[in-house]
Structure formats: structure tokens, C-alpha cells
Amino acid sequence: MLDTAIIGAGPYGLSIAAHFRNRGIPFRVFGRPMDSWRAHMPKGMLLKSDGFASNIYDPNDQFTLGRFCAEEGIEYADTGIPVRLDTFARYGLAFRERMVPELEDKQVVSVKHVSQGYLLQLDNGETLSARNVVLAVGITHFDYVPENLAHLPAEFLSHSARHHDVEQFRGREVIVIGGGSSALDWAALLQEAGVDVKLVARQAALKFHGKLTGQQRSLWQRIQRPQSGLGPGWRSSFYANAPAAFHRLPESLRLEIVKRTLGPSGGWFVKDRVMNHVPQLLGHTVQRGEVKERKVHLHVRAQDGTEREIRADHVISATGYKLNLERLTFLSSDIRAKLTTLADTPVLSSTCESSVPGLYFVGIAAANSFGPVMRFAFGADFAARTVTRALAKSLSGKAELVHAESAVTTAK
């Protein structure tokens, strides 16, 4: 029986696999490498996270994004130079080749809980048994479309995660709904491609991150607002660098922090492109939508209560993601029923283990347990080290038990 199966091949899955490989933990890892980044984010996008916070993690930090860019002749800086989506995706593929050659580009279609662990079935029909399963699935399992629009046909409405290239929208009228990073990126890229686009957001004003420069800051500036993988400030530093301590906070406080921290906002590099070039309808909430005469008609309400109707050929719902374990249909209903949850997320131990023994969650599913950092690639370092320590300790304990049982048998 295999010790551990890792499901997912993004920054979290690749980082954990690299750590397992280094510690000699037997594993298999499944998934399309960097799928969320290569197929579900807009081509031409820039990452909000700075270069130093956009690594995939091997145990000795041998293959950072900075090193990859140096090898490939790509302009890079820890801060001040945005990381291009295609650069990050290529880096992930290079990391896979160098650090995780074991990755199998296969999909896990079924996971069942059995007496000795888990029974997995792959999309090629293969089955395998594993004592532990690490779920490192990405955000695309949890794309969220408002209920009052979910009935619209896919021809007329889609979530932003369903697209990668703006070219399919040339010559069409498009409405983008949302005020976060995905919405702003899509609006800017569509406008620059010549698409007739309009942005609709319930926020009265859009928010954008400030630009970090590569200039040396004084000691006092660093003390006042220390830099971190989630941005400047003491709170951000705590969330970025102390997820284990975050786990010890009261449940209600953790939920409130995750809910309110790092809300919808765009990168500094998209501000001018949106504010000066994209038509916007801010402070408006979508009430309902309908298709008439091959057009989507959206009824929106302003904050003062007035309503209006707008229309387009297609609506892109860039409305984020909401964790719902029922969306993980490859997990058996028995496993999903046994999971202890809080606010629709799994309750996790300090080692990322769920209430179902041997089943671990990392990434966005672990945010309510370990904080906002789990929503970003920067959190993969903590996740990889934490899960690796736990399973290495478990393996060591099993080996000691086998050795002791063997010694008893020999003595007899």
C-alpha cells in the first residue's frame, strides 16, 4: 500500500511533493501541472503578489522564481516588477520537471475511505490504495456565481475561471461583474483587446494595492510597517508568517479575520488601465438577469434604490470563490458526511489533518484554520513543511513499531 497520495499539482501540491521527495516519504502525486494558472486565469494577467512572495517551495529553496528568471533571462525583482502570469506558469512547469518528476498528469475521479486508508480511482481506470491523502486542489473547484444569475445559459453567462483568452470576445459586448482582482484584470484586458466592455461592481469605489519599490527603507520604516508575503504591516506579517499561531486563535476570531482580510482589490499596475479606460457602473448590485433577443439583460440597483437595465452579448461573473465541500464530488459522500466542518470548511488539526484520519487539506480549504495566507501561493511553504513533518513522524512511528514487533518475534 502506498503511504500518501497527493491530489493537485499547483504550488501547494508541487511544494508538498518536493518536500516528501527530500524526506523519503513514499508518495504519488496526480493532477495537471499549474492548471489553475494555465487554463483558468486571463492570458496577459500580472500577479498581485511580488516576486519574493511568488515562489514554489523546495526544502532548501534551491529553485526560486528569481533563480528561474535569471536562468531564462526574464526581468525580475523581489519587489517593483510585476510577475507575468505566463512567467509563473512556466516556472511551475520547470519546477515540476526539476523537483517533482514523479508528477502524473492524471485526474483522481474517486476517493473512498476503507479500513486501511483510502481507495483511489484514476481517470484511466487504475485503482490504488493509500494510507493518507493530501488534498491540494485549487480554487477552480469553488467558483461562485450569484444565485440570481446561475440560471442563465452558459452561452450568455460564465464565471471568469472558465476562460483564459480574451480573443473569443472580440466583436462582442461584454459586462464584467465584480470589483476584485479577476474582474479588474478581465475588464482591462478586454478593453485593450478592443472589446466593448463595461464593469459593474457593488462597491462604490474600487480598491487597488499600492506599489512596492525596490528602494531601501529605513530601519524605522521597516519597524513601523514590516514587509511580508501578504503586504506591509504587522497584521499582514502575522498572517503571513505565523499560521501555526493563527490556528490557536478562537474559532470566531479566525473566521472574522479571514472574512475581512485582503478583500477585493486590484494590483497597482491595473489601476490606470481600469480607471481611465473602462466604463464603470459602481455602487450597483445585480438584481436579476434574463435573455431576450439573444442578449443578456441585467437589472441593477444603485445604492439610492434606483434601478436600471443594461445589456450585453455575454456576462463574465468575476465574483470569486466560495468553499463548498460538496463540490469535491470525487470524494465519496461517506467521507464528506464524516468531515467536521465550520463555515463550510473542514476543521483541521495543527498538522492540517481533518476529522477523517489520514485526510489532509491545504490551500484555500485550510484558510479558516490557518489564516488568509492559505489563499495565496506564499502559504505553500508552511503547508509543505507542516504536512511533511506530520507524515515523516507517522512513518517513523510505524517503523519503530515494526522493529519492536520483529524483536519480540525473534525473542520468542
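## Exercises on a predicted model

Leaving aside its neighbours within four places in sequence, D58 is in contact with A18, H19, F63, F95, M99 and R385, contact meaning heavy atoms within 4.5 Å. The structure is a predicted model in which local features need pLDDT of at least 70 and side-chain atom pairs count only at pLDDT 80 or more, whereas totals for chains, interfaces and linings use all residues. Residues are numbered from 1 along each chain as its sequence is written, and side-chain values use heavy atoms, with hydrogens and water left out.

### Exercise 1: the setting of D58

Find where D58 lies in the chain, determine whether D58 is buried or exposed, and identify a backbone nitrogen that its side chain reaches.

Step 1. D58 is found in the loop between α2 (35-39) and α3 (65-72), where helices (H or I, at least four residues) and strands (E, at least two) are DSSP runs numbered from the N terminus.

Step 2. D58 is buried and yet has no salt bridge, since the nearest side chain of opposite charge, that of R385, is 7.4 Å away. Buried means under 20% relative accessible area, exposed over 50%, and partly exposed in between, with a 1.4 Å probe and protein chains only. For charge, Lys and Arg count as positive and Asp and Glu as negative, while His and the chain ends are not counted. A salt bridge is a side-chain nitrogen of Lys or Arg within 4 Å of a carboxyl oxygen of Asp or Glu.

Step 3. The D58 side chain does reach the backbone nitrogen of D61, at 2.9 Å, and one of its polar atoms lies 3.0 Å from the backbone nitrogen of F63.

### Exercise 2: two open sheets

Give the strand order of the open sheet of five strands and of the open sheet of three strands, and state which strands stand at the edges of each.

Step 1. The five strands are arranged in the order β6-β13-β7-β8-β9, with parallel pairing; two strands pair if DSSP finds at least two bridges between them. At the edges stand β6 (157-159) and β9 (280-282), each with a single partner strand, so one side of each has no neighbour in the sheet. Direction ignored, neighbouring strands of this sheet are turned by 20 degrees against each other on average.

Step 2. Within this sheet, β7 (residues 173-177) and β13 (residues 314-317) pair in the parallel sense over four bridges, and the bridge partner of V176 in β13 is I316. Helix α5 (residues 181-192) lies across β7, β8 (196-201) and β13, and runs at about 160 degrees to β8; axes here are lines fitted to C-alpha atoms, for helices over the stretch in contact, and angles run from 0 to 180 degrees between N-to-C directions.

Step 3. The sheet of three strands has the order β10-β11-β12 and antiparallel pairing. Its edges are β10 (284-292) and β12 (307-312), each with a single partner strand, so one side of each is left without a neighbour in the sheet. Here neighbouring strands are turned by 25 degrees against each other on average, direction ignored.

Step 4. β10 pairs with β11 (residues 295-302) in the antiparallel sense over eight bridges, and K292 has K295 as its bridge partner in β11.

Key:
A polar contact is a pair of N or O atoms within 3.5 Å; within protein, one must be able to donate a hydrogen and the other to accept it, and residues adjacent in sequence count only if both atoms are side-chain atoms.
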